[in-house]
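Keep the sequence and the model in view while reading.

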Amino acid sequence: MMDHVAGNHSAAFELAGDLHVMLSSEGTEAAAWWAAIGGALLEEGPLAAPVHKVSTLSAAEVRHKPQASIDGLIRQIDKGPRWRRGLTGVRYAATGTTGARLMKLEPGQSVPKHGHADLEATVVIQGRFSDGHGTYKRGDLVLGEPGMRHKPQAVGDEACVCLVAQKPGGFWRNFI
């Protein structure tokens, strides 16, 4: 969340961070804390060479930050996105943001076990999933770090819809 508040993300990871803040109290609280820390650091004195932009939003401002891209994404989901079935049977939909897509798992459906070569951020929008490392609900942000292997599976009676943000890369990086 520190990088999110500082604005150090690609558009896909920015979208994932915004969703986490919007959908969970934990995300809102973490963003508010990092914004406060950034503001305190800026108040300490002049920076010789500012490298990053640091937000100085209050907790209330973080919670009510205008989120046109999030609103558009939620409207897209409500309308019923154009889902396309991948090779594994999992359905995906474009978000309009490079490096970000929606993933939908029907109840009990799973993604084949896979690894990550780069950082991947997944935010649960609807339903729940479990991946062998934990069970995640609406608003949870799950980071797939390089070298991590997991097998996400929808849990419960409801389909699980997630936003998946990742660095652009080749197809074969998923088999690491």
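## Burial of K104

A residue counts as buried when its relative accessible area is under 20%, computed with a 1.4 Å probe on protein chains only. K104 has 18% relative accessibility, so K104 counts as buried. The structure is a predicted model.

K104 lies in strand β3, which covers residues 100-105. Leaving aside residues up to four places away in sequence, K104 touches W83, V90, R91, Q109, A159, C160 and V161. C162 is 58 residues from K104 along the chain. Their C-alpha atoms are separated by 6.6 Å.

Strand β11 spans residues 160-166 and contains Q166. Is Q166 buried or exposed? Its relative accessible area is 13%, and the cut-off for burial is 20%, so Q166 is buried.

The Q166 side chain has a polar partner. It makes a polar contact with the side chain of E120, at 2.9 Å.

## The three-stranded sheet

Three strands form an open sheet in the order β7-β6-β10. The pairing is antiparallel. Which strands sit at the edges? They are β7 (135-136) and β10 (153-155), and each pairs on one side only.

Strand β6 holds residues 128-130. Two bridges join β6 to β7, and these strands run antiparallel. S130 has T135 as its bridge partner in β7.

Note on methods
Residues are numbered from 1 along each chain as its sequence is written. This is a predicted model: local features need pLDDT of at least 70, side-chain atom pairs count only at pLDDT 80 or more; totals for chains, interfaces and linings use all residues. Side-chain values use heavy atoms; hydrogens and water are left out. Two strands pair if DSSP finds at least two bridges between them. Helices (H or I, at least four residues) and strands (E, at least two) are DSSP runs, numbered from the N terminus. Buried means under 20% relative accessible area, exposed over 50%, partly exposed in between (1.4 Å probe, protein chains only). A polar contact is a pair of N or O atoms within 3.5 Å; within protein, one must be able to donate a hydrogen and the other to accept it, and residues adjacent in sequence count only if both atoms are side-chain atoms. Contact means heavy atoms within 4.5 Å.
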